Amino acid sequence: MNKRGNVGDNPLMNNTMYFIIFIVFLSLSAGFIYSQKDGVLVWEDFYAKEIARVVDVSSPGTEVFLDVTKATEIAKKKGQNFDSIFSFDNENNRVIVSLRSGSGKSFGFFNNVNVSEWRLDLVSGGAETNRLYFKIDKSEEKENE
Amino acid sequence: MNRKGATGYWLNFTGFVLIWLIILGGLVGAVLTFYGQDYAFKKVESVLLFDTVKVCFENNDFFDSNFKNNFFSKCGLNKNVLESEHLVFVKNLDSEEKEEFFVGVYDYQTQCELTDKKNNFAKCKKGIIVKNGERFELIVGSNQNSRGVVR
């Protein structure tokens with residue numbers, strides 16, 4: 001088969017290639033912008049740091065209720081399971097906030113305590129006034145390290 | 001091999017890709033500029049840590065030879081979190097030996113001085129504490145950022 005010069009000569013092939021690449025670029029752009037929609041990264045960062053601040057200034061025995069309505073609103077839009085939004089890694093002293101499924105942000109608290117019994121109270125049964133509850137406990141294990 | 005007619009095609013193709021790269025780069029840049037800034041917390045954290053360390057300093061002898069081993073348990077602080085992204089520095093300003101005590105990243109002292117010039121440097125809180133008639137300089141710094149997690 002003679003292929004001399006045929007690469008630039010086939011308009012249908014050219015247009016198809018352009019179209020495919022255009023779609024790929026467009027999908028990448030749309031995907032990136034969608035992932036930033038609602039400021040998910042900013043709010044995850046905000047909640048992780050502010051919760052760490054509360055833990056840092058708390059003493060063992062403290063019970064904390066925090067209004068996290070904004071977080072639940074975003075998580076609801078993103079299809080995130082409410083039970084997975086907030087968690088605490090007591091082994092590494094980190095708060096983990098995940099407003100979308102699959103990923104999230106974590107931040108360390110320097111206060112050598114354990115956080116226990118955390119749960120999300122859906123006070124109104126929806127995303128209107130929701131609060132995070134957790135309890136600060138003394139950390140015997142870490143104290144003896 | 002005969003390549004007649006192919007040059008124009010590749011020129012067109014390269015131009016097309018370049019234009020899309022520029023557009024995509026612009027979009028990413030704009031979105032990151034708008035949303036990419038971290039919630040500023042280093043200064044707040046250094047102030048919180050300063051207050052905790054100050055109380056601890058007033059109740060303990062930081063310059064005792066055995067104290068450094070017990071610093072974290074005595075002050076109620078977590079070793080893993082503090083050692084990698086924080087600094088606690090105490091210097092006796094009145095002793096002739098200029099005794100120093102530090103935990104964490106020593107370089108943050110320098111970063112604290114230059115923090116206005118570079119945003120990703122540690123932010124610090126400094127203060128002078130008087131204890132038993134002697135003056136001590138206390139510098140506490142934080143350079144902790146939030147980390148992405150995969151769940």
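**View 1. Chain A and its elements.** Chain A holds four helices and six strands (DSSP runs of H or I, at least four residues, for helices, and of E, at least two, for strands, numbered from the N terminus). From the N terminus on, their order is α-α-β-α-β-β-β-β-β-α. Of its 145 residues, 46% count as buried (under 20% relative accessible area, 1.4 Å probe, protein chains only).

**View 2. The interface of chain B and chain A.** Here 39 residues of chain B are in contact with 45 residues of chain A (heavy atoms within 4.5 Å). The buried area is about 4100 Å², and carbon and sulfur atoms give 64% of that (accessible area, 1.4 Å probe, lost on putting the two parts together, summed over both).

**View 3. The chain B side.** Helix H1 (6–35), helix H2 (42–59), helix H4 (79–85) and strand E5 (147–150) of chain B each give two or more residues to the side that touches chain A. H1(B) gives the most, with 13 residues.

View 4. Strand E4 (residues 103–108) of chain A pairs with E5(B) in the antiparallel sense, over four bridges (pairing needs at least two DSSP bridges between two strands). A:Ser106 has B:Arg147 of E5(B) as its bridge partner.

**Notes on all views.** Residues are numbered from 1 along each chain as its sequence is written, with chains lettered from A and ligands numbered from 1 in the order in which they are written. In this predicted model local features need pLDDT of at least 70, side-chain atom pairs count only at pLDDT 80 or more, and totals for chains, interfaces and linings use all residues, while side-chain values use heavy atoms, without hydrogens and water.

Notes: Buried means under 20% relative accessible area, exposed over 50%, partly exposed in between (1.4 Å probe, protein chains only).
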